[in-house]
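Morning, everyone. Please have the sequence and the picture open.

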Amino acid sequence: MEEIQHSHVQVRGVKLHVAEIGTGPKVVVFLHGFPEIWYSWRHQMIAVAKAGYRAIAIDFRGYGLSDHSPEPEKTTFNHFSDDVVALLDSLSINKAFLVGKDAGVFPAYMIGASCPEKVAGIITMGVPFMLPGPSMSQIITANLPKGFYTVRWKEPGRAEADFGRFDVKTVIRNIYILFSGSELQIAADDKEIMDLVDPSTPLPPWFSEEDLSVYAGLYENSGFRTALRVPYRSMEIDCGITNPKITAPALLIMGEKDYVLKFPGMEDFVRSGQVKDFMPNLEIEFMAEGNHFVQEQLPEQIERLQTSSDDGGPIDADGQMMEVRFWIK
């Protein structure tokens, strides 16, 4: 990881931590979810840079080494998406590929729908197209059991009390173990989400103790204040985008063993192609052994991201044929 350079960039009143590698003319911006951080993209950043791209991964405001908002309790997904656009402007980047995972997909979708001129292509993992607002809240919380983690963590103070019983490293360990499974994480009425993990359960084989220490150090710095606010307590806040349509070339990668596919209606939304109503130039790739952390679990199966002028790709804003894909072994 020593090749990756780190800096802070002032955007919209906060300093964002920016990790960067590569000097190519084309830029890939990686957007993390929770409990992830810039480090979640360590494998892809190096691979993309070796393929000739400039790779940038950020910590969203309130995460890791980035500043919190002046009023963290008012942070929304709009802050995240606006920060990414402002970062591109600050770095004099006219257009970039956006790669998002988990909650990181929502800023990518928002930018793709509202600022298409900024987007060369979009690759998302783990969550298909949806935008923050009442309809997303309905999908993520209203139709799921009251013991499900998104429902529990939406309640102010509940996750804080749950997490507060443990050190940060144990909280991250437990979440990685839980979210690596294929079943929904549902606690009984007299239990909390952290209680679902047997302390003797080992980490997933693709997630080392060293990785865990990196995550723990970053979350010890930032705490969970913003991380619980966005995504869990801001999903229902309307992002202000009406009649969304993303025309950029796009790829959705879903693990067949990702618990997100168990959300009511989610798998049918993807497999039936309904998602393409919002993203007409979308390709969908299922990875047979993939779980919710597919980019960390199976990095060797994601060889490179590339653009080409081959026939068969969607047409970009400049009228050139462009194809965006991860090569899957």
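In what order do the eight strands of the open sheet stand? The order is β1-β2-β4-β3-β5-β6-β7-β8, and the pairing is mixed. Keep in mind that this is a predicted model. For a reminder, strands of a sheet pair through backbone hydrogen bonds, either parallel or antiparallel.

Look at the edges next. β1, residues 5–11, and β8, residues 282–287, each have a single partner strand, so one side of each is left without a neighbour in the sheet. On average, neighbouring strands here are turned by 20° against each other, direction ignored.

Now two of the pairings. β5, residues 96–101, and β6, residues 119–125, run in the parallel sense and share six bridges.

β1 and β2 run antiparallel and are joined by seven bridges. Here Gln5 stands opposite Glu20 in β2. These two strands make a hairpin with two residues between them.

One of the residues in that turn deserves a stop. Arg12 sits in the loop between β1 and β2. The background is that most residues other than glycine have a negative phi, and most peptide bonds are trans.

The peptide bond that joins Phe34 and Pro35 is cis, with omega about 10°. You will find Pro35 in the loop between β3 and α1.

On to the helices. Which helices pack together at about 65°? They are α2, residues 77–90, and α3, residues 105–114, and their axes are 9 Å apart. The crossing of α2 and α3 is right-handed. From α2, the residues in contact include Phe77, Phe80 and Val84, and α3 meets them with residues including Phe106, Met110 and Ile111. By class, this contact has eight nonpolar residues, two polar ones and no charged ones.

Parallel β5 and β6, with their six bridges, are among the strands to look for.

Next, the rings. How many aromatic pairs does the count come to? The count comes to 36. Take one of them, Trp153 with Phe179: the ring centres are 6.2 Å apart and the planes are at 35°, so the pair is tilted. Trp153 lies in α5, residues 149–154, and Phe179 in α7, residues 168–179, so the pair ties together parts that are 26 residues apart in sequence.

Last, the annotation. UniProt, in an unreviewed entry, places the feature "domain: AB hydrolase-1" at residues 27–145. In this model that span is 35% helix and 19% strand, and its end C-alpha atoms lie 41 Å apart.

That is all from me. Thank you.

Terms used: Residues are numbered from 1 along each chain as its sequence is written. This is a predicted model: local features need pLDDT of at least 70, side-chain atom pairs count only at pLDDT 80 or more; totals for chains, interfaces and linings use all residues. Side-chain values use heavy atoms; hydrogens and water are left out. UniProt positions are given in the numbering used here, feature names are shortened, and annotations may be inferred rather than shown by experiment. Helices (H or I, at least four residues) and strands (E, at least two) are DSSP runs, numbered from the N terminus. Axes are lines fitted to C-alpha atoms, for helices over the stretch in contact, and angles run from 0 to 180 degrees between N-to-C directions. A crossing is left-handed if the near helix is turned anticlockwise from the far one by less than a right angle, and right-handed if clockwise. Contact means heavy atoms within 4.5 Å. Ala, Val, Leu, Ile, Met, Phe, Trp, Tyr, Cys and Pro count as nonpolar, Asp, Glu, Lys and Arg as charged, and the others, Gly among them, as polar. Two strands pair if DSSP finds at least two bridges between them. Rings of Phe, Tyr and Trp (its six-membered ring) pair if their centres lie within 6.5 Å; planes under 30 degrees apart count as stacked, over 60 as edge-to-face and the rest as tilted.
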